[in-house]
Amino acid sequence: MRTKRFKPQYIIIYFVLILYTFYTIYPIFLMVVTSLKSNKEIFSNPSGFPIDVTFSGFETLFRKENYTIYFANSFYVTIMSSVILLGVSLLLAYALSRYTDKLSKFLYFYFLAGMMIPLRLGLLTLNDLLYNLKLIDRLWGIIIIYIAMNIPFTMFILTGFIKMIPNTLEESAFIDGANTWKVLRKVIIPLIKPAIATVIVYNFIPIWNDVYFPLIFIKTKEKRTLMLAVTMFFGQFSTNWNLVFSALTLACVPVLIIYLFGSKYLIKGLLAGAVKG
Amino acid sequence: MKRSKSIFAIFVLPAFILYTLFMLYPLISSLGLSFFSWTGYGAKTYVGLNNFIKLFTRPEHFVRFIGAIKNNVLFFIYTILFQNIVGLILAAFINLNIKGAKFFRSVYFIPTTLSIVVVGFLWKLIYNPIWGPLNVGLRAIGLDSMAMAWLGNESTALICISIANAWQYVGIPVILFLAGMQGIPDELYESSELDGATGIKQFWKITFPLIAPVIFIITTIVFVSNFSAFEIIYAMTGTLGAPNYSTDILGTLFYRICFGQRLGTPPDMGMGAVIASCMFIIIVVGVLIWFKIYGERETGY
């Protein structure tokens with residue numbers, strides 16, 4: 001298995017791997033090329049490259065369908081939740097890693113308890129809660145949900161990293177007169193940058209992609225996130241394929257860009273969460 | 001960190017409040033709502049076990065509930081078979097010191113980053129009976145008789161949805177299996193080569209037993225996500241789990257009862273809470289099994 005000699009079986013192995021690559025890519029390829037075809041061409045040439053490239057779908061989305069607002073809403077929700085989530089989880093993880101008493105250990109498991117359980121199972125109480133706080137149909141309603149449900153994983157990753165940093169580094173900073181806040185900023189954060197990148201990428205993608213909570217809690221058209229807008233759009237315009245595919249493509253662009261640059265961190269997060277978790 | 005209690009409290013409190021109020025409290029409190037009856041934001045009346053009795057004695061509820069559980073189990077089995085088998089084959093091939101290993105691993109993971117609804121819509125179009133690439137392809141190679149309304153047929157709809165779901169997530173098993181395989185020390189292979197074992201025999205004798213725990217981990221991840229799934233069905237066959245409820249799962253049943261009733265009929269939130277509680281129990285059992293396996297894995301090789 002570990003020998004480097006060329007064996008004829010390798011032809012079969014490459015064949016399978018390349019075939020599966022096509023199987024993986026083809027639906028995405030289809031989505032992108034269809035968004036660039038006119039409705040007429042979609043029927044005459046459904047599965048190949050576009051002959052006559054058109055951007056009219058994208059133009060309609062931004063000019064007539066408020067997609068600028070939906071994009072802005074999605075960025076607002078995703079960035080706000082990611083930033084606050086990172087902030088509160090960093091403080092939490094630092095405290096839990098540096099205090100080793102019973103309370104701290106209990107809290108670690110208290111937060112970990114929510115790691116595998118989907119929050120959507122608590123939807124009915126959440127519905128009452130947001131209603132009482134007047135957060136139904138508000139972007140902040142879903143931002144709070146995203147923060148709360150992602151605290152366990154974020155805390156778990158950050159605690160693991162901070163615990164590996166030796167105490168001595170901080171102690172010398174304290175002797176130099178730095179306060180806890182400054183130590184966190186100047187000593188800890190620079191040392192756990194890879195962990196921070198991991199949790200940002202790992203949280204950003206599912207928050208951006210989520211449609212469940214907006215579907216339930218967002219009622220006004222202008223407050224829709226991009227993914228909710230695309231979902232509603234699909235039902236409404238499901239005969240205007242060019243427009244529908246343009247919307248689908250558009251919704252995927254940000255995550256695909258992030259994956260292109262951050263796949264390393266995403267895979268790291270997955271391994272940390274599943275194998276060691 | 002300076003060992004002061006007030007600093008500890010300041011650092012822990014924001015996360016504690018957010019997590020307790022918006023995560024733990026809703027999860028636990030929703031279980032209790034199974035014993036109440038209400039139709040939306042109004043007052044709740046305590047009805048004891050009434051909702052449970054209603055679920056098991058009224059045919060209109062019971063038939064849907066049993067149907068959803070059956071479909072959910074099938075959805076889980078189809079997905080897990082496809083993901084584990086395909087994921088294992090791909091990972092085993094990538095692990096053979098081939099060129100482009102990283103490329104294949106990264107490509108297979110791309111669909112995982114897409115939104116579930118996007119994947120659902122995309123595959124709905126692939127299965128489109130008239131111009132969907134699947135039927136177009138079948139006709140092109142002369143298999144006209146096989147071309148059909150994949151999602152409109154009770155016997156194929158759920159399998160087709162499972163294939164779309166597995167297509168999206170196959171990258172996860174690939175990465176986890178690969179990590180497991182790379183953790184196996186080379187000496188094990190070298191010594192087995194001295195005994196004359198190679199290739200497929202080595203795979204079954206050494207690789208497979210050592211990565212078996214990974215199969216359980218993946219199975220649990222899929223279990224939790226499939227028993228709380230909603231979006232893929234919503235995108236592909238709608239909240240009614242068409243055709244004729246053959247793709248209706250617990251997530252769509254719950255949504256329909258609480259948020260998607262036809263106009264005129266008030267939602268039965270208590271009944272929804274019962275469904276959610278059943279999902280909660282199913283998922284917690286799955287998670288506990290996962291923790292147990294994880295514990296055994298820690299003490300393993």
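**Fold and domains of chain A**

In this predicted model, chain A contains 13 helices and 0 strands.

User: What makes the secondary-structure pattern of chain A an α pattern?

Analyst: A helix is a DSSP run of H or I with at least four residues. Chain A has 13 such helices and 0 strands, and its pattern along the sequence therefore reads α-α-α-α-α-α-α-α-α-α-α-α-α.

User: Why are 58% of the residues of chain A called buried?

Analyst: Buried means under 20% relative accessible area. Of the 277 residues, 58% count as buried. The accessible surface of the chain comes to about 12400 Å², with 68% belonging to carbon and sulfur atoms.

User: What makes up the division of chain A into domains, and how far apart are the C-alpha centres?

Analyst: Domain 1 of chain A covers 1-54 and domain 2 of chain A covers 66-276; their C-alpha centres lie 33 Å apart. The contact between them takes 9 residues from domain 1 and 8 residues from domain 2. These residues count as in contact because they have heavy atoms within 4.5 Å.

User: Which share of the contacts in chain A between residues at least 6 apart in sequence joins residues at least 24 apart?

Analyst: That share is 72%.

Terms used: Residues numbered from 1 in each chain as written. Chains lettered and ligands numbered in written order. Predicted model: local features only at pLDDT ≥ 70, side-chain atom pairs only at ≥ 80, totals over all residues. Heavy atoms only, no water. Helix = DSSP H or I, 4+ residues; strand = E, 2+ residues; numbered from the N terminus. Buried < 20%, exposed > 50% of the residue type's maximum accessible area, 1.4 Å probe, protein only. Areas by Shrake-Rupley, 256 points an atom, 1.4 Å probe, with all protein chains shown as cover. Domains from an automatic or database assignment.
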